[in-house]
Structure formats: C-alpha cells, structure tokens
Amino acid sequence: MSKARRRYSAEFKIEATRVARELGIDRTMLRRWKQQLEGDSAVAFLGQGRRAEVSEVERLRDEVARLRQERDFLKKA
C-alpha cells in the first residue's frame, strides 16, 4: 500500500524558502540536518556543545575508574 503524496501550496513553499533565507540556512544544510535526524537522532547534532559535554563525562568516568583502582590498592596494603 503506497503512501499518499503530500501536496503543499505555492504560498507555503514560498514562505518556507523565505524563512530559510532569513535564517541564512542553505537547502543542502537543511537536507543534511534531516538525514541526521532520520538516522540516529540520539547522536544527531553532537557539534561543539554536546560533544564537549560527552568528552567531559568520558574524562570523569576514566578518573573515577583510576581513583577506584588506587583505593582498592590501598585497601589491600
């Protein structure tokens, strides 16, 4: 069963392109964002902000693991 194609009015298309232009967003950028969201939306848009947070969490996890090893070594001594 095929899905019915959505149709948009000329006014809607004009307004959508006007908004994109006002925001300074190129159509290829919008297409890329859409593909990222359709893929794995959990990792979409990691960019500068979230990537820095993720790397900080990874660094802290490594530090916790190292501190636990030191603690366990001192308990055995």
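**Entry 1: the overall fold**

I began with the order of elements, and from the N terminus on they run α-α-α. I counted three helices and zero strands in the protein, where helices (H or I, at least four residues) and strands (E, at least two) are DSSP runs numbered from the N terminus. I noted that this is a predicted model, in which local features need pLDDT of at least 70 and side-chain atom pairs count only at pLDDT 80 or more, while totals for chains, interfaces and linings use all residues. I also noted that residues are numbered from 1 along each chain as its sequence is written, and that side-chain values use heavy atoms, with hydrogens and water left out.

**Entry 2: surface and burial**

Of the 77 residues in the protein, 3% are buried. For this I used the cut-offs of under 20% relative accessible area for buried, over 50% for exposed, and partly exposed in between (1.4 Å probe, protein chains only).

**Entry 3: helix 1**

I followed helix 1 over residues 10-23, which makes 14 residues, and found that it reaches 20 Å from its first C-alpha to its last, close to the 20 Å expected at 1.5 Å a residue; the expected span is 1.5 Å times one less than the number of residues. Just after helix 1, I found Gly24 with a positive phi of about 75°.

**Entry 4: salt bridges**

How many salt bridges does a search of the whole structure find? I noted five, each being a side-chain nitrogen of Lys or Arg within 4 Å of a carboxyl oxygen of Asp or Glu. In one of them, Glu15 pairs with Arg18, and their closest N and O atoms are 3.0 Å apart. Both residues lie in helix 1, three residues apart, about one turn of the helix. Glu15 is partly exposed because its relative accessibility is 40%, and Arg18 is partly exposed at 41%.

I then turned to helix 2, where Lys34 and Glu38 both lie, four residues apart, about one turn of the helix. Their side chains meet in a salt bridge with an N to O distance of 3.8 Å, and Glu38 counts as exposed because its relative accessibility is 58%. I reminded myself that an α-helix has 3.6 residues a turn, so residues three or four places apart point the same way.

I also recorded the salt bridge between the side chains of Arg71 and Asp72, at 3.2 Å from N to O. Arg71 is partly exposed at 43%, and Asp72 is partly exposed at 32%.

**Entry 5: aromatic rings**

I searched the whole structure for aromatic pairs and found one. The rings of Tyr8 and Phe12 have centres 5.0 Å apart and planes at 20°, so the pair is stacked. The rule is that rings of Phe, Tyr and Trp (its six-membered ring) pair if their centres lie within 6.5 Å, with planes under 30 degrees apart counted as stacked, over 60 as edge-to-face and the rest as tilted. Tyr8 is partly exposed at 39% relative accessibility, and Phe12 is partly exposed at 47%.

**Entry 6: a nonpolar patch**

Which residues make the nonpolar surface patch of about 360 Å²? I listed Leu30, Trp33, Leu37 and Phe45. Of these, I placed Trp33 in helix 2 (residues 27-38), and this residue is partly exposed because its relative accessible area is 33%.

How values were computed
Patches are made of residues with over 30% relative accessible area and no salt bridge: like charges are joined within 9 Å, nonpolar side chains (Val, Leu, Ile, Met, Phe, Trp, Tyr) within 5 Å. Accessible areas come from the Shrake-Rupley method with a 1.4 Å probe; for residues, only the protein chains shown count as cover.
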